[in-house]
Amino acid sequence: MTLSVRNVVVAAALSAALCTALTGCGGGSGSSASGPGHQAARMGTPGASAPPSATASAGAPQATGSSPAAAPPPAKAPTLAPGPNGLTPVFERAKQQTDKTVALTFDADMTSDQGQRAADGEHFDNPQLISTLRTLKVPSTIFMTGRWAEQYPDQAKAIGTDPNFEIANHSYSHHAFTSPCYGLPALDAAAARADVDRAFAAFRTAGALNTVPYFRFPGGCYDDQALRAVSTAKVTPVQWDVVSGDAFAKDPDAVAEQVLTGVKPGSVVVMHCTRSAAPVTEEAIHKIVPELRKRGYRFVKVSELIGK
């Protein structure tokens with residue numbers, strides 16, 4: 001666990017290259033505001049396409065039927081208390097780093113403007129991956145956008161009622177919580193908070209019960225203002241210390257090797273649960289899981305790592 005994000009050269013370079021492959025994704029620097037008190041931004045999920053004309057006000061989601069304060073996120077799992085100046089700590093890796101545990105996390109990405117692409121046949125889901133995780137008995141944390149839950153409510157419910165999984169918040173719209181962030185349209189603080197609440201509401205509507213008060217920033221980008229915004233939602237931001245490189249990868253062996261090389265006791269691995277953007281993830285899992293178990297690792301959800 002750290003209070004600031006460390007610079008991971010491989011992750012930044014790989015993510016920036018992946019981001020440029022997405023339609024409408026600009027060549028953002030991926031860095032948040034610099035200067036005292038600001039966190040360095042990181043990239044963990046590819047910036048999905050968004051209209052260049054989108055603005056913070058235009059992209060601000062509105063909660064339906066209730067105000068954000070009327071529907072707080074669940075608080076069953078352990079969280080990290082806000083620090084000085086209301087800045088909630090960012091969890092990257094377990095503080096206890098001798099226990100051979102590892103958390104595989106999967107981002108279920110879908111932006112608020114990708115409905116037509118889904119209607120045209122693009123698959124933002126990956127049911128085979130979920131089935132494989134069940135078969136291999138791998139407890140996992142799925143960082144889901146609210147828009148994904150709306151597009152695939154049956155799958156969101158199945159994941160969110162399976163004790164093998166926990167669903168964490170990856171925003172509703174997959175818009176940026178600070179700017180620049182790889183070309184994603186940015187939300188102001190009020191809209192960012194509403195976006196978190198709207199995602200939790202989408203999970204409840206789908207019938208997903210196993211939700212946890214954890215949040216992953218779209219693009220992995222954040223600054224102090226973003227940390228204060230999510231702090232009021234009583235969620236713990238969760239990043240990672242191992243980038244799988246599965247986004248747009250074509251070689252499952254390379255993905256597996258990158259994970260196996262990077263994992264350490266207490267690691268959080270970021271992967272994806274999106275067929276169109278990460279087509280070889282499920283195949284890579286067949287190599288990653290048995291090898292890590294052979295090395296003595298035990299798979300856990302993020303909530304167990306935070307609870308240590």
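Is lysine 137 buried or exposed? Lysine 137 is exposed, with a relative accessible area of 61% (buried means under 20%, exposed over 50%, and partly exposed in between, using a 1.4 Å probe and protein chains only). Here are my notes on the rest.

1. First, the ground rules. This is a predicted model, where local features need pLDDT of at least 70, side-chain atom pairs count only at pLDDT 80 or more, and totals for chains, interfaces and linings use all residues. Residues are numbered from 1 along each chain as its sequence is written, and side-chain values use heavy atoms, with hydrogens and water left out.

2. Next, confidence. The protein chain has a mean pLDDT of 80, and 76% of its residues reach 70 or more (pLDDT is the predictor's confidence in each residue, from 0 to 100). Over residues 1-75, though, the pLDDT is below 50, and this stretch has 149 contacts in the model beyond near neighbours in sequence (contact means heavy atoms within 4.5 Å). Where pLDDT is low, the predicted coordinates should not be read in detail.

3. Now the overall picture. You'll find 11 helices and 8 strands in the protein chain (these are DSSP runs numbered from the N terminus: H or I of at least four residues for helices, E of at least two for strands). Of the 308 residues, 56% count as buried. Take the contacts between residues at least 6 apart in sequence: 83% of them join residues at least 24 apart.

4. Have a look at helix 4 (residues 127-135) and helix 10 (residues 281-294), whose axes come within 9 Å and cross at roughly 15°. Axes are lines fitted to C-alpha atoms, for helices over the stretch in contact, and angles run from 0 to 180 degrees between N-to-C directions. That makes helix 4 roughly parallel to helix 10 (angles under 35 degrees count as roughly parallel, over 145 as roughly antiparallel, 65 to 115 as roughly perpendicular and the rest as oblique). Gln128, Leu129, Thr132 and Leu133 of helix 4 make the contact with Thr281, Glu282, Ile285 and His286 of helix 10. By class, that contact has 3 nonpolar, 4 polar and 1 charged residues (Ala, Val, Leu, Ile, Met, Phe, Trp, Tyr, Cys and Pro count as nonpolar, Asp, Glu, Lys and Arg as charged, and the others, Gly among them, as polar).

5. Helix 10 has another partner: its axis and that of helix 9 (residues 252-262) come within 8 Å and cross at roughly 35°. On the helix 9 side, the residues in contact include Val255, Ala256 and Val259, and on the helix 10 side they include Ala284, Lys287 and Ile288. The residues of this contact divide into 8 nonpolar, no polar and 4 charged.

6. Back to lysine 137, which lies in the loop between helix 4 and strand 2 (140-144). Its phi is positive, about 55°, although it is not a glycine. Lysine 137 is also among the contacts of asparagine 164, along with Leu133 and Lys301. Asparagine 164 sits in the loop between helix 6 (153-160) and strand 3 (165-169), and at 15% relative accessibility it counts as buried.

7. Most residues other than glycine have a negative phi, and most peptide bonds are trans.

Methods: Lists of a residue's contacts leave out its neighbours within four places in sequence.
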